Amino acid sequence: MSTPRTVLLKVFRSTPAGHGPRYDEFRVPVGPRTTVLDALLAARRDQDPSLAVRHSCLHGSCGTCGMRVNGREVLACLTRLDGLGDPVVVEPLAGLSVMGDLVVDMEGVYGRVEPAGRPLVRASEGARPELEELERFEDCLECGLCLSACPVAGDPRFLGPAALAAAERVLEEPRGADPKAVLGLVDDAHGAWRCHAAFECSAVCPAGVDPGGAIMRLRRRLLADRLPRLVGRYHREARP
Amino acid sequence: MTRTGPERGTGGRQASRWLDPRGRHLGTWAFLANRLTGLGLVAYLYLHLVILSTLLRGPEAWDGLVRLFRNPVFLAFDVLLVLGLAFHGFNGLRVALVGSGLLVDRHKALLAAAGILVGLVSLVAAVRIFFG
Amino acid sequence: MATRLQEDFSGATRWRRRPRPTFAWLAQTVTGVLLLVLLTVHMVAQHLVVEGGLRTYDQVIAWIRNPVVLVVEALLLVCVTWHGIAGVHAVLLDLGLRGRTERVVARILGDVAVATVLYGLWLLYMLAFRG
């Protein structure tokens, strides 16, 4: 029987007390379908039980296992090691406080999306007919990959792609939310106007949400709302 | 190979994230290049004002400078300047359009178009500067 | 904590006298588009019209005395200073400028912009009327 293939994982380590940061190496067996998460869990089981890594559903629908693999934001449970080279560098998401090893404080994501409003229109209910072709921001996993990938989101005050896209979705169909409050939240130098059209967020989103596009639609909405006031005309209410 | 810890970004940490090329797509490169050319052009603005101030010292001082600027090193710098200006301008136009919510679905095509225009303008400028 | 972040957002850059971010962004866009035109005109007029691409002292003075040229150059100066300084401010924001430092730096940048325009206008005046 041939020796199973192995891969060297270089995993970012640090403790909540602040020891580290350093990179620990784990050589793990790998097959054609082994994912990064599989390998990390194997490393934790067989080599170092202190390795902190979060996961839940194991099939890309909960958004818990977001991390950077070779610098690129991915969901670890969906990312096969095959083809990533050797060694493979595994790091936590950027832009969020590291609580230890690969675990980050996801409050940085939830705390941003919540003020923007969380769109909750069930697919079975159906959105307004004319919106059927637009992306369902409801698909957002709140995984934080977009926040990590965004070149601007190092600023902790920046609302970030997910929150801004959530705001846009809420403004499309407020269903009881106050559109003016949402517009006021995003009309800020650290809100919608922070984005510089890099679209890195849309490139890494595992749910196909296109937050970049949503932010631009949001800006069009802001301009349509603010411009008439600039020329002194009657301020139109944001579309309900 | 050291990498900075991916903690909450401020100042230097954010700047070092900008220097991390792994896993990034074209849009991020365009963003970074816009920042870089922008800062470079601001620096050039002040350099330009200083150079133009030589005019206050009369014809001899200025005409001497003009002779100096025909030196190939300076001509090469001029081509770089046009390249930076063209990139910042055309990519900036893309950012302005897309950032107003126009042609959002075509942002990749716009970037490609900007790249082509930048190449063309720079080429024409290089020819004119060196052989005109 | 969600509450803490909300405080962050409500406290951020909401000064009374500050122009709305929408308009700040619009100003950047408008000056940018204007610059595309003005800089093209400037480059063509300065370097493609004249033999050899660079004007001698006498040619510069003769050129700047044209009122249309003077106006265009002054407009270019204002646009490029606004756009450039606002751009520097944006980069600094990206790099984490905040709080009191942000206000101080914003005021300094504003002063630099005004000084730049004033100097440039003075230079134009000296060349056009006292050259």
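The model is predicted, so local features need pLDDT of at least 70 and side-chain atom pairs count only at pLDDT 80 or more, while totals for chains, interfaces and linings use all residues. Residues are numbered from 1 along each chain as its sequence is written, and chains are lettered from A in the order in which they are written.

Helix 3 (residues 57-64) of chain C and helix 5 (residues 99-130) of chain C have axes that come within 8 Å and cross at roughly 100°. Helix 3 of chain C is therefore roughly perpendicular to helix 5 of chain C (an angle of 65 to 115 degrees). Helix 3 contributes C:V60, C:I61 and C:I64 to this contact, and helix 5 contributes C:L124, C:L127 and C:A128 (C-beta atoms, placed from the backbone, within 7 Å). Of these residues, six are nonpolar, none polar and none charged.

The buried residues of helix 3 of chain C are C:Y57, C:V60 and C:I64 (20 or more other C-beta atoms within 10 Å of their own). Viewed down the helix axis, these buried residues fall within an arc of 60°, so they line one face of helix 3 of chain C. Their cover includes helix 4 (67-94) and helix 5 of chain C, together with helix 3 (59-69) of chain B.

Between the two chains, 28 residues of chain B are in contact with 25 residues of chain C. On the chain B side, helix 2 (26-52) is among the elements giving two or more residues, and helix 2 of chain B supplies the largest share, eight residues.

Methods: Axes fitted to C-alpha atoms, helices over the stretch in contact; angles between N-to-C directions. Helix = DSSP H or I, 4+ residues; strand = E, 2+ residues; numbered from the N terminus. Parallel < 35°, antiparallel > 145°, perpendicular 65-115°, else oblique. Nonpolar A, V, L, I, M, F, W, Y, C, P; charged D, E, K, R; others polar. Buried ≥ 20, exposed ≤ 12 C-beta atoms within 10 Å, placed from the backbone. Arc of directions from axis to C-beta.
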